Amino acid sequence: MTTATTSIAGTAPINTRGVGVRFEQLSKRYGDFYAVDSLDLNVAPGEFLSILGPSGSGKTTVLMLIAGFVAPTSGRLLLGDQDISQIPPYKRNIGVVFQNYALFPHLDVRRNVGFPLEVRGVPKDEIAKRVNWALERVHMEKFADRRISQLSGGQQQRIALARAIVFEPRALLMDEPLAALDRNLRQDMQYEIRSLQRSLGQTVIYVTHDQEEALNLSDRVAVMNLGRLQQVDTPKNLYLRPANPFVAGFFGEANLLSGKTQGGVFTTDAGIRLPVTETREGPAVLCVRPEMIVFGDERKSDFPSLTGTVLETRYRGSILHIELDTPLGKINAVQHINTTNDAPAEGTTLEFGWDPNLGHVMMGQV
Amino acid sequence: MNEYLLGLQGRRVLFAYAIVLILFIILPALVLVPISISADDSFVIIPEAFSLRWYEQLVGDPRWRNALVLSLQVAAVASVMATIAGVLGAIGISRASPKVAKVLRLIFIAPIIVPLMVIGVGFYMLYARMRLVGSFFPLCLAHAVLVLPFVMLPVSARLYSIDKRLEWAAASLGAGPYRTIFRVQLPLLAPSIFAGFVFAFIFSFDEVVVAQFLSGPRLETLPRRMWEGIQMGGLEKTITAVTTAQLLLAVVAMLIISIWQRRSATKAVSSK
């Protein structure tokens, strides 16, 4: 590293602090089709929030609405205290990182990163300083004079990131920024994005269809499906306390039993009574994760006591997957493999159950 | 793959056909080149002595020179007008809704579909009523309309191959619509704009039908002068000098375009 870049690192203590983003009943309609339907969501300043959903869930439309590339049909979008729903994208001060990087091919790395400063009329020497600062944040200071075509995909994404933070945006939007990268690079970049966001205190809204990525990176994850927000919660709660069967099924595997609950007893549609901790009453769906299911002696006295026949067993890395035919229907269970356990033979009858404290009741019908 | 599909015999036939076709395309253009630099008056394809006297005559004879200068002026003004209108039009169409864009594109490209004779007569009737026949700028304007598609087509094609997200990226970074056009779109479109400009210039420089209608007795463009020369006194050898010069102009322009486009194509592709 040259002495010049080291000294600049010391002289550019840019304290970026993101602001909050608030959606109030925000909708985008195309004809009769609601791409986004009455979205209410509050993103705290400095929070890393992922918007997660399958394709067609409306997550990309949400990103376009925040960036200002499409206008909402109704509702309000607030950036800090300011309603930005009618403000054009170039006046919003929101950095956007695109999946395909969207770097300007006719400009070199330095001019790309300097672009947002140039259009804001920042003086030349100040631009040089801030560009060096941003390139250092993404470890690309040695590539300042390269052409874009001379960079690999991962390097281009770093430049795109530098370009999006160099003007101290009020919020940072990322649209599946790592989708085009290979697996190892993706994990490195996840780590870097996260540490960059923390050190800058930047508000990040990160759109992805990759659950692992969302769970790895985010303070909270907003799950969308069919244009509607399903649940906003911490990664842990999304898994253990899903709001509805869609969310339950979206994060990992789930055994979903429909029935009704009353006074701490869940009765399945087939009439089987199972203990639960839920005290509310009404139709509901019980979610039991495969890894919560225990066999034989591991069960405690308050666990439901059920029997099932082994239909199939599969080794998946460090996990043994067991599919059971039971009075509840098909039940999936997993066990961690240690050297002593062998897969039960197909057709074996097993006794199984689960801790009622872990079974999660979702009120409402399927 | 062709090897297996055609067999040896088939490939020979195809090769021979291709050679004949290519010769037929380029010979009429090339045949005048040696004639134009031969010293004597006759039209021999393989000259005995070389001379540039026909080129000297093109510049030296006032009637030829005036026609040459006028044609260059008309082509320059017309292609500049067409380039400005065509680039703006192409950008506008790219932002219009698909239905509107379809209709607009058809209108802008119509001048190369509608027969020149029809356009010529149309402009003549319009200009005759407005007493504009035989004036310089109205002729340039008519030519600009004619050559508009030569700008529209390459620029539109390039616009559609440029990633829409570059525009969004520029906007998100704080560039307003005008700045986005000047800082992002125009630089990326530059090779196709230049290509369009060159095509437009060459077509206008060469155009005789509409010029015949609109130039009246006073304005004699080069193609018109050539046409008249052939009609009155048979082939003048100055014509061979004119065509050779035009050919050279076209070849040089095409070379510049292809080099430029190859360079900017590698730039644009690698960014995707």
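## Salt bridges and the A–B interface

Arg22(A), Glu24(A), Arg76(A) and Asp83(A) are joined in a network of salt bridges, a salt bridge being a side-chain nitrogen of Lys or Arg within 4 Å of a carboxyl oxygen of Asp or Glu. Please keep in mind that this is a predicted model, in which local features need pLDDT of at least 70, side-chain atom pairs count only at pLDDT 80 or more, and totals for chains, interfaces and linings use all residues. Residues are numbered from 1 along each chain as its sequence is written, chains are lettered from A and ligands numbered from 1 in the order in which they are written, and side-chain values use heavy atoms, with hydrogens and water left out.

Over all chains, the rule gives 22 salt bridges. Here are some of them, with the N to O distance of each pair.

| Pair | Distance |
|---|---|
| Arg76(A) and Asp83(A) | 3.9 Å |
| Arg111(A) and Glu118(A) | 3.4 Å |
| Arg299(A) and Glu351(A) | 3.1 Å |
| Arg183(B) and Glu118(A) | 2.5 Å |

How exposed are these side chains? The scale is relative accessible area with a 1.4 Å probe, protein chains only: buried is under 20%, exposed is over 50%, and partly exposed lies in between. Asp83(A) is partly exposed at 30%, and Arg76(A) is partly exposed at 37%. Arg111(A), at 38%, is partly exposed too, as is Glu118(A) at 25%.

The pair of Arg299(A) and Glu351(A) links distant parts of the chain, 52 residues apart. Arg299(A) sits in the loop between β15 (294–295) and β16 (306–316), and Glu351(A) in strand β19 (residues 349–353); strands are DSSP runs of E with at least two residues, helices are runs of H or I with at least four, and both are numbered from the N terminus. Arg299(A) is buried at 17%, while Glu351(A) is partly exposed at 43%.

Now to the interface. Chain A brings 25 residues to the contact and chain B brings 23, where contact means heavy atoms within 4.5 Å. About 2300 Å² is buried between the two chains, with 65% of that from carbon and sulfur atoms; buried area is the accessible area (1.4 Å probe) that two parts lose on being put together, summed over both. Tyr90(A), Pro105(A) and His106(A) supply 25% of the area that chain A buries against chain B, more than any other three residues.

The rule finds one salt bridge across this interface, formed by Arg183(B) and Glu118(A). On the side of chain A that touches chain B, β6 (94–97), α3 (109–118) and α5 (153–165) each give two or more residues. The largest share, four residues, comes from α3(A).
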